[in-house]
Amino acid sequence: MNVIAATTSVRVIEPLWRVRLRLAWRSFQTGWDIFRENPIGLIGLGMIAFFGLMAIAHPLLIATVWPPNVYDPLMGYDKEIIVHPSPPTWIPNAATEIQSLRPLSRFRHILGTDPLGRDVLSQLMSSTQSEFALGMMAALVTVVVGTTLGAVTAYYGGVIDMIFMRISDLVIMLPFIPLMIVLGSMFDFQMLHLALVYGILVGFGGNTLVIKSQALTLKVKAYTEAARVAGGSNLHIIFTHLVPNLLPLAFLSMMITVTNAIFIEAVLSFFGLINIRMSWGIMIQITQAAGYLLTSWKYWYLMFPAGLSISLLCSAFYLVGRAMDAVVNPRLRKR
Amino acid sequence: MSLLLSVHDLTMHYATRKGEVSAVDNVSFDLAKGQSLGLVGESGCGKTSIVFALMRLLPENGMIKNGYIMLDGKDIVAMDYAALLKVRWRKIAMVFQAAMNALNPVYTVGQQIIEALELHLSNISPAQARERIAILFELVGLDPALMDRYPHEFSGGMRQRAVIAMALSCSPDIIIADEPTTALDVIVQDRILKRIRELQRELNMAMIYISHDIAVIAEVSDRIGVMYAGRMAEMAESADIFDRPMHPYTYALMGAFPSIKGKRRDLKTLPGEPPDLLDPPSGCRFHPRCPYATDVCREKQPDFTPVNGASRSDLTHGHYVACWHPMQGVTL
Amino acid sequence: MTQTTYTDGTLVRVEGLKKHFPVGGGLFKRAKSHIYAVDDVSFAIQKGKSLGLVGKSGCGKTTTGKMLVRLYDPTAGHIFLNDVEVGQVDLAEVKGAQLKTFRRRVQMIFQDPYESLNPRRTVFDTVVEPLAVQGIGDLIDREERVAGLLDMVGLTPANTFMFRFPHELSGGQRQRVAIARALIIDPTFIVADEPTSMLDVSIRIGVMQLMQELADRFAVSYLYITHDLAVARYMCQDIAVMYLGKLVEMAETEELLAHPLHPYTQALISAVPIPDPRLQRETLEIKGGIAQPIDPPLHCRFYDRCPFADNFCRDNDHPLLEDKGDGHKVACYKV
């Protein structure tokens, strides 16, 4: 009697996709419980939520309370104020500091205006969206490139491993910022291009080695062998068994990548190498170009908010990444 | 025989994120000088936890809730760190499970034993220590010249012997061996078992030997304690455990080991699995799997009772069982 | 070797199987020495019977088993499978699509129940994998077969176990899942690599009994690899003993245990502890030996340890396996 004949008497009821959904939700809940235990993660998450609100709030404000001709981050200009840049309107002695045609409301420019007459807060908030997009995009590219590369080189070994590892060595050796400066001067970089280039370079870089070493341990696990005994092709084994077990590790590096991508963008904007309209880095660049960067504390509102935002968003992702450590690596969890 | 170690009503829990795991529950046993006690049971039955409690080597989340461990008139449970140092290795020494992996690969084996000696025996000079190690090595069947080699130059069996030498280094009264031969092949295991038993007799050391393999326990132990789910189910002289097992679990265990001698018999499965100690069964912890369980078994936990006139106060001899319906129709 | 059709009830015949691993060397350098992990091993497994392969770790039994399922490619030798449909096939020679088809005939159960299941895949995913990889049946068929098989291995009701993850199962339950996975594509032959050595004693018997039951029900033969003679006695009708890559003795189980002829077998049997404190045993003492067969000498591999060896044993090649009557084969000059 063979197995086939003996088993066709049992009926299964629930559709598979719904079961998978339920299981995914359950594992998410478990992960969330563990994440919640570490206050660092919650702080990071809170900061990200704050910036998220900022990003959402901007178009709402433009649509309702802020007239676009004044508050548009690129084209706005406040005619009421004679001298730009002007300090925030809520500081004491505003009347004497700001030279305006008429007395202004305290909330007119919460962070002042930049040398071109545009509202600083508006610039800050509108940039948030593209910063997020940049970070996410770069992280995604890094994860895809890093995981695939790590899994493939570990699985096949031999010549493939050697070639890619040497490329990886080269990438690690190249000094990053000078490289980006050179590339930026040669090509017309937009946010998207930056995300892609950055993602690929990091994907080939140091983190791949970590992923590859993990993949090497996975390659010899019994379940991989079982898949091969069942007749699984190389591709099947790589993408069904290696990659899903590598993703948690890759996810961690993702957080760091977001941090670095945002920072790199700021640096490149500062050097004027990116062709984007507005970002936190551009805000600082404009300050420098107009000569206000290294002056006294008087023009703090021109660069301090932008700089602080960069630091805070970067740290937020980093903190989340650290808290994710415990979720990803069961050994780091509290007993 | 004089009483050396007395464990009474020892209870130990582990605190985990899911709750408290009742790992050891009211376990009592006594050990006389030179006596060898074998603790047998499946993984999770508490045998390793007990010996860790004896050495006070419990992890952070392990708590001794109740009971005492008397050694030389002092309670180990209540000892402070200074007193413990005098007990560890000098009175009780341990050979850990997979001990061959317990050797630090960056130091020579000799250096590691010297470390133990210097820590526990003050005023021992390096020359004296080396002499002592040479003697120990010969005792366990190793060439003394190997003292200056690194662990990776030893085979598995040799490493195990080295670890045994380390345990013997301060001439302890009691040696605890936690599954010392699991990872070794049967011929090496046989040699080491023989040597351990010989040493134990020569040096008149008491021994607590832990294993899940009843055949190995039968060969090295004078007395056997059968543990299940954190409790001691039965304890008696080795021959009695095999001839007259009274606890249904002991009886089932006997029937679960295939043997190469004797008739090839059909082995009986014990249905079910060992219980989850986060939420152990009520009453007797074996009742879900016991073919003879009745209501009283489900409700009340049976006491560890002496049988056939065994002493209530000195557990170094005699037959003890924790069961409401012990087999062989024995009345308690 | 001649390819005869075996009508005598032989299922698998292994002839002259060898596996040599190079030591040192790499992409550009030839290895100077080799590990002769499996050196000229031949045996046959009958239909409806199981063969126990016994020896200490490092003797080559696992390597032999892995060659039978083509996890390793043999360095030399043949693995003749008597297939109902195609007649005789040499599993050592098949490649590509043909290999994939013949993987349906031979499956494996691994030693470590904690490593042989992918922790991220549900029980269903694991058991259905062979079907999915071989493209058998549609989704409904597959679900039914998995459910049926889970029932058969004692994981009932199937619906509760189907979507659990490995960490929610005990060791014994995981091994049952592994058994279900091995059986689902209806193999004729299963290599079981110490499937119960990592399980608790009271669970072990249940799993072994299950394996026997299923063997009878589905006409599956086992190559049961173990270091434990008692387990081999319980599960197998024939036993073969390996030492340092060579087969030293092979006979029917009870015959081997009652009248062991090779000194190594005698030493092995005498060293097994007896679960009865009153019985004494006499160990046959043999000297300590080397662990791995690297560039072994050309004489009998057991010469250094054998208590009966003499100059003849040293001056001649490793003895061949000879039948001493009634199918009891030994490789020894002193018998």
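**Contact of chain B with chain C**

I looked up which residues form this contact in the predicted model: chain B gives 28 residues and chain C gives 32 residues. Two residues are in contact if their C-beta atoms, placed from the backbone, lie within 7 Å.

I then noted that helix H6 (186–202), helix H7 (214–220) and helix H8 (238–243) of chain B each supply at least two residues of the side that touches chain C. The largest share of that side, 5 residues, comes from H7(B). Helices (H or I, at least four residues) and strands (E, at least two) are DSSP runs, numbered from the N terminus.

I sorted the side of chain B that touches chain C by class and found 15 nonpolar, 6 polar and 7 charged residues. Ala, Val, Leu, Ile, Met, Phe, Trp, Tyr, Cys and Pro count as nonpolar, Asp, Glu, Lys and Arg as charged, and the others, Gly among them, as polar.

**Two helices of chain B**

I examined helix H4 (residues 126–140) and helix H5 (residues 156–168) of chain B, which pack at an angle of about 130° with their axes 9 Å apart. H4(B) is therefore oblique to H5(B), the class left for angles that are not under 35 degrees (roughly parallel), over 145 (roughly antiparallel) or 65 to 115 (roughly perpendicular). Axes are lines fitted to C-alpha atoms, for helices over the stretch in contact, and angles run from 0 to 180 degrees between N-to-C directions.

From H4(B), Leu136(B), Phe137(B), Leu139(B) and Val140(B) meet Arg161(B), Ile164(B), Ala165(B) and Leu168(B) of H5(B). I recorded 7 nonpolar, no polar and 1 charged residues in this contact.

**Strands of chain C**

I traced strand E1 (residues 10–23) and strand E4 (residues 76–83) of chain C, which pair in the antiparallel sense over 5 bridges. Two strands pair if DSSP finds at least two bridges between them. Val12(C) has Leu81(C) in E4(C) as its bridge partner.

E4(C) also runs antiparallel to strand E5 (residues 87–90) of chain C, joined by 4 bridges. A hairpin links E4(C) to E5(C) through 3 residues, and Asp83(C) stands opposite Gly87(C) in E5(C).

**Confidence**

I checked pLDDT, the predictor's confidence in each residue, from 0 to 100. Chain C averages 88, and 96% of the residues score at least 70. Over residues 1–6 of chain C the pLDDT is below 50. For the complex, the predictor gives an ipTM of 0.87 and a pTM of 0.85.

Residues are numbered from 1 along each chain as its sequence is written, and chains are lettered from A and ligands numbered from 1 in the order in which they are written. Local features in this predicted model need pLDDT of at least 70, side-chain atom pairs count only at pLDDT 80 or more, and totals for chains, interfaces and linings use all residues.
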